[in-house]
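Please read these notes with the sequence and the structure open beside you. They take up a few selected places, one after another.

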Amino acid sequence: MKTRAITAFFFTIVMLGSIFLGAYTFTFFYLILSLAALLEFFNMIKTAGIRPHRNVALFVAGLIFLMIAGYHLLQFENRFMLLIVPLIFSVFISELYKKDKIPFSNISYTFAGLIYVTVPFCFFYSLGFIQDQAIYSFHLPLAFLLMLWANDTGAYLFGVKFGKTRLFERHSPKKSWEGFFGGVFVSLLASYIISLFFKEINAFVWAGMSVLIVSFGTLGDLVESMLKRSLNVKDSGNILPGHGGFLDRFDGLLLAAPVVYTYLYLILR
């Protein structure tokens, strides 16, 4: 428990620092984090005897992220994304030369990693620019993480104290409906406090963002649990003592970030 608390403290400081220290620090940190999470995904998949095209996928993932960053920071045109097309088709071509009995499983999991890991991190990154595509603001990424952490804290505390009705026992035996609604309550409270400081968005919009983060963040947690159970893996990695890997820490973000971005884009733009 002590190791877990120490890891959480220092990792939280690093994450907050990456948000507060400006657009380029934010870009670099989440580029590295997204690639590390994608690498964890591929390492887990390999335990099932599947060999995704890891190097190509990591290169494409980095390119996608940098293209989006270039669009926000330097106003690059999106046509540069066309560079990804030949790389994508190279996955199919290279599989022709591999002596593997399940070639389309290798191909499928290569693209699954990009969709499941890289795309959500890109949506989260773009939250920093959603109010003005060329100007970075830390308000929305920070608020997203604070609400997500508030949900985790509330779900844990209420689940331990009152949890009786299982939420989805097949994939996560410890999660309960009581914990879920506790997470909703604490996250909504966090959204109200945030609205007192960040007044550019209405309190009701913050509250809607909170509900989406809790709902889809919980689903993201369950999806990652389903993935690990299907592969008979306990943690996605061991880089964070007491917490597992990066995917274990950001599983809630993976489903919540695209939904929250869409919600805010429709309201703010």
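How many aromatic pairs does a search of the whole structure find?

1. The search finds 28 aromatic pairs, where rings of Phe, Tyr and Trp (its six-membered ring) pair if their centres lie within 6.5 Å, and planes under 30 degrees apart count as stacked, over 60 as edge-to-face and the rest as tilted. One of these is the tilted pair of Phe92 and Phe111, with 5.8 Å from centre to centre and 35 degrees between the planes.

2. This is a predicted model, in which local features need pLDDT of at least 70 and side-chain atom pairs count only at pLDDT 80 or more, while totals for chains, interfaces and linings use all residues. Residues are numbered from 1 along each chain as its sequence is written, and side-chain values use heavy atoms, with hydrogens and water left out.

3. Phe92 has a relative accessible area of 32% and is partly exposed (buried means under 20%, exposed over 50% and partly exposed in between, with a 1.4 Å probe and protein chains only).

4. Trp177 and Phe180 form an edge-to-face pair, because their ring centres are 5.7 Å apart and their planes stand at 85 degrees. Both residues lie in helix H7 (residues 177-197), 3 residues apart, which is about one turn of the helix. Trp177 counts as partly exposed at 37% relative accessibility, whereas Phe180, at 15%, counts as buried.

5. Ring pairs also join residues into a cluster, which is made up of Phe26, Phe29, Tyr30, Phe65, Phe124, Tyr125, Phe129, Tyr136 and Phe144.

6. Leaving aside neighbours within four places in sequence, Ser210 is in contact with Met147, Ser187, Leu188 and Ser191, contact meaning heavy atoms within 4.5 Å.

Technical notes:
Helix = DSSP H or I, 4+ residues; strand = E, 2+ residues; numbered from the N terminus.
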